[in-house]
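The following exercises, each with a worked solution, concern the structure shown below. Please inspect the sequence and the model before reading the solutions.

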Amino acid sequence: MIIDIATDGGFGGIAAAAMHKRINPQEQAQALRDALCAAFAPKALQQMTQGRSHDCPDGLRYRITIIQSGQDPCIFTLSEAQMPPEMLDLIDSV
Amino acid sequence: MCLSLSCSHHNPIACIVPPYMLRVLALRGDPATAEMARTLLRHDEEIRAERASHASPPPPLSEGFAGLLPLPAVDPDLCCADRRIHDGQFRAALPGNLVRSEGDSPCGIPDADLAYDSAGQVFSLFAEEYGRNSLDGRGMPLVATVQHRRNYNNAFWNGEQMAYGTGDGKIFRTFLELSVIGHEMAHGVIQHSGGLIYENQSGALNESIADVFGALSQQRALRQEVHQADWLVGRGILGPGINGVALRSMKAPGTAYSDDLLGRDPQPWHMDHFVTTTDDNGGVHINSGIPNHAFYLFCNYLGGRSWELPGQIWYRALQDLNNPMASFSDWADQTLRTASALTGQGSLEGQMLRRAWKLVGINV
């Protein structure tokens, strides 16, 4: 499983300032690996997309691509408000 | 196809509601209505195919379609700010740990104390110049979180509070600058003044009006007249290695930065260079340069203090607009109507305003 995370939006609206991370959970320590796999499971992400969504002024949007071998990539677009704070902390920590 | 709404047995909206109207309802409706609208918008893709087979141009908003949220009158209890500053402790949970409430002594966390003082200055602008009691006109607490998340290159208004990252030290070094703070708080004022849908031209207006009141907050705090101000939004917030002075310039859109990492400031100053894009909600931070520049030009024609007559016109126009989907032309029209109401039909100020709009390519 590969997790690709890209942002757009924000106060500056500057594409070049956007975040982009590509994470291979297999390369992380066990605890972090487990947390990543749980947080970024496609089912969990799909559930988040059902949550309250609004484009808050200057808010970031996250485009999360989950790449699993033998399967088509799954792409989810989430506003910052739709993502649990623990998940955002996880992203910040990697 | 009619959509039944499970939240109500009797709901006046029983047939297909166009997305633009759902967005207005999501923006202005009571909590139940807003949630209904958001649910329907999420399902929009699923029903679009079937809707397309019954497609017809969306009806114009009738005069009977008034905003669901009445605009507040001046609050007779207008007095003082109710500031509540929190330390996010570099985590994402909001609002975080309350470190300074209204009337408290400085807490010793520089970001929190700066946010406290600046929020007070923005409150004072709206209260003393425009008679507005806080962001909602009803004295709502000013909730802010500083040190939000780790190395967070952003600041935002989430509908209920402001949040400020510290930046990563490379691209941004801070977001606690008065024009930025005024900008975020002004988003709250806009939300509680009828709203402007955050995409395309209405979104760019949302951004521009926030920049205007951010700039006015700064100029008023520094007691700067029009020609003394630098008209920059976010001066000094860029990282030390970034080639730029600010995030945006109202005086010279497109010149705030030019950097190998960030690229060049993409803001246009004229409709001829309007940027059509799907990025950034349709370029809301880009095309805001056009109405920003119109405001700057108007202020320069008049001279004096930008937060006085120009600020009054912009503030009152926002209160009177009642059009969350307003285009630049709609907004320009509204500012002219407001200017006429304040200064008289055919006034010199009105003529200068019309000229400012014309110079950015908007003929009204």
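**Exercise 1. Locate B:Gln89 and state whether this residue is buried, partly exposed or exposed.**

Solution. B:Gln89 lies in the loop that connects β1 and β2 of chain B; helices (H or I, at least four residues) and strands (E, at least two) are DSSP runs, numbered from the N terminus. Its phi is positive, about 55°, although the residue is not a glycine. The burial classes are set by the number of other C-beta atoms, placed from the backbone, within 10 Å of a residue's own: 20 or more for buried, 12 or fewer for exposed, and partly exposed in between. B:Gln89 has 15 such atoms, so it is partly exposed.

The model is predicted: local features require pLDDT of at least 70 and side-chain atom pairs pLDDT 80 or more, whereas totals for chains, interfaces and linings use all residues. Residues are numbered from 1 along each chain as its sequence is written, while chains are lettered from A and ligands numbered from 1 in the order in which they are written.

**Exercise 2. Determine where B:Asp280 is placed and whether it is buried or exposed.**

Solution. B:Asp280 belongs to helix α7 of chain B. B:Asp280 is not a glycine, yet it has a positive phi of about 55°. B:Asp280 has 24 C-beta neighbours inside 10 Å and therefore counts as buried.

**Exercise 3. Describe the five-stranded sheet of chain B: what is its strand order, and why do β2 and β4 each have one side without a neighbour?**

Solution. The sheet is open, with mixed pairing and the order β2-β1-β3-β5-β4; two strands pair if DSSP finds at least two bridges between them. β2 (97–101) and β4 are at the edges with a single partner strand each, so one side of each lacks a neighbour in the sheet. On average, neighbouring strands are turned by 20° against each other, direction ignored. Within the sheet, β3 (residues 142–146) and β5 (residues 162–164) run parallel and are joined by two bridges. B:Thr145 has B:Ala163 of β5(B) as its bridge partner.

**Exercise 4. Characterise the packing of α8(B) and α11(B) by angle, distance and handedness.**

Solution. The axes of α8 (residues 289–302) and α11 (residues 348–359) are 8 Å apart and form an angle of about 145°; axes are lines fitted to C-alpha atoms, for helices over the stretch in contact, and angles run from 0 to 180 degrees between N-to-C directions. The crossing is right-handed, the near helix being turned clockwise from the far one by less than a right angle. Among the contacting residues are B:Phe298 of α8(B) and B:Trp357 of α11(B); contact requires C-beta atoms, placed from the backbone, within 7 Å.

**Exercise 5. Which element supplies the largest share of the side of domain 2 of chain B that touches domain 3 of chain B?**

Solution. The domain assignment, automatic or from a database, places domain 2 at 83–190 and domain 3 at 200–359 of chain B. Contact involves 22 residues of domain 2 and 27 residues of domain 3. The largest share of the domain 2 side is nine residues from α5(B). The domain centres, taken over C-alpha atoms, are 22 Å apart.

Conventions
Contact = placed C-beta atoms within 7 Å.
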